[in-house]
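Trainee: Could you walk me through how to read a few backbone features in a protein model? I'd like the general idea and then the actual case.

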Amino acid sequence: MEKKDSSSSFTIGDSAQERSWPYVPDCYVIPSSNRPSLTPETASVPVIDFSRLRQDATQRANAIKEIGNACHQVGFFQIINHGICQSILDGALSVASDFFKLPAEEKVKFMSNDVKKPVRYGTSLKDGDDKFQFWRVFLKHYAHPLSDWIHLWPKNPPHYRENMGKYCKEVMKLALEVMGAINESLGLGPSYLSNQMEDGMQVTAVNCYPPCPNPELALGLPPHSDYTCLSIVLQNSAGLEVIDKRDGKWKLIPDVHGALQVHIGDHLEVLSNGLYKSVVHRAILNSERTRISIASLHSMGMDEKMGTAEELVDDQHPKKYKDSSFGDFLDFLCKNDIAEGKNFIDKLKIKA
């Protein structure tokens with residue numbers, strides 16, 4: 001195949017990853033200093049047996065302590081025995097995969113660069129606006145309350161709404177329990193902000209990373225932290241890397257069958273006054289298979305401000321962050337390119 005002019009970006013529906021190009025166009029090639037290894041080291045990730053939170057007081061206390069240590073040390077952990085049955089996990093991954101196999105004309109019904117649209121299909125980050133393009137395709141949709149949004153989701157594949165709806169409903173319940181455990185580990189109590197989170201936002205980001213002919217040249221997503229309180233991620237194979245704070249190296253998160261990944265987001269860093277740090281992560285690629293991930297992002301309401309807990313502020317520990325909302329992040333995203341290293345959390349830090 002003759003190479004086209006690959007110096008500019010592509011439109012939705014016509015991107016290199018959607019059309020399975022046999023080479024990586026120039027606008028996808030990231031600087032050599034940021035390129036991933038084809039043989040990355042494996043990260044050491046805390047694995048929390050979530051069933052211990054539902055056992056006796058000693059088991060719960062030990063699990064809460066482990067969660068607190070994970071949030072403080074790495075901002076990331078995996079949970080097993082979380083209570084969501086494997087058939088629901090598999091069903092969500094199956095309809096996600098089937099959606100991305102649909103003809104382009106079916107998917108582009110949902111295409112939009114409006115980051116505030118409740119259902120949107122796209123590629124890269126902000127199509128046409130990014131300095132670098134990224135080798136992914138995505139469908140994002142609001143998911144809570146489910147009855148408010150599910151009628152806007154794709155009708156095809158036929159079981160998409162049913163299967164994805166079941167997963168979103170279950171992961172929302174789990175997210176509230178995880179958030180309660182994290183707040184308890186901070187000494188704030190499990191019910192802290194529980195009403196605000198129950199009435200808050202759930203955004204489901206369904207990501208597809210097609211095979212890339214030169215995975216060492218490109219990324220699926222650039223380094224970033226999530227703007228939410230927390231994110232819960234389901235995936236069909238490994239492909240997420242985090243920075244190991246001990247040596248500064250990118251390391252691959254191992255894929256544990258049936259486990260879910262929990263990312264600490266920017267708003268939890270704000271809430272904790274920096275005791276817990278949002279985790280910087282990126283998506284790498286491979287040349288052989290399509291990777292699917294479903295990220296469920298949880299925060300308070302669109303315009304509800306997250307501030308630092310008063311209980312965690314005193315003369316020795318002054319407030320370090322400005323208050324902000326989910327809507328504030330979307331405004332930031334409209335005006336900034338996170339691929340160039342511009343992070344929302346940096347905007348929130350109060351200068352000493």
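Trainee: Where does Asn 273 lie?

Mentor: Asn 273 sits in the loop between α7 (266-271) and β12 (281-283). Helices (H or I, at least four residues) and strands (E, at least two) are DSSP runs, numbered from the N terminus. Keep in mind that this is a predicted model, where local features need pLDDT of at least 70, side-chain atom pairs count only at pLDDT 80 or more, and totals for chains, interfaces and linings use all residues. Residues are numbered from 1 along each chain as its sequence is written, and side-chain values use heavy atoms, with hydrogens and water left out.

Trainee: What is the phi of Asn 273?

Mentor: Start with the general idea: most residues other than glycine have a negative phi. Asn 273 isn't a glycine, yet its phi is positive, about 60°. Asn 81 is another non-glycine residue with a positive phi, near 50°, and you'll find Asn 81 in the loop between β3 (76-80) and α2 (86-100).

Trainee: Are these two buried or exposed, or partly exposed?

Mentor: Check the cut-offs: buried means under 20% relative accessible area, exposed over 50%, and partly exposed in between (1.4 Å probe, protein chains only). Asn 273 has 4% relative accessibility, so it counts as buried. Asn 81, at 45%, counts as partly exposed.

Trainee: Which residues does a cis peptide bond join?

Mentor: As background, most peptide bonds are trans. Here, a cis bond joins His 144 and Pro 145, with omega about -10°. Pro 145 is in the loop between β5 (137-142) and α4 (146-149). Another cis bond links Asn 156 to Pro 157, with omega about 0°, and Pro 157 belongs to the loop between α4 and α5 (160-185).

Trainee: Let's zoom out. How many helices and strands does the protein chain have?

Mentor: There are 9 helices and 13 strands in the protein chain. Its radius of gyration (taken over C-alpha atoms) is 20 Å, close to the 20 Å from the globule rule (2.2 Å times the number of residues to the power 0.38), so the chain is as compact as a globular protein of 352 residues.

Trainee: And what feature does UniProt place at residues 197-300?

Mentor: The unreviewed UniProt entry gives "domain: Fe2OG dioxygenase" there; such annotations may be inferred rather than shown by experiment, positions use the numbering used here, and feature names are shortened. In the model, that span is 8% helix and 41% strand, and its end C-alpha atoms lie 5 Å apart.
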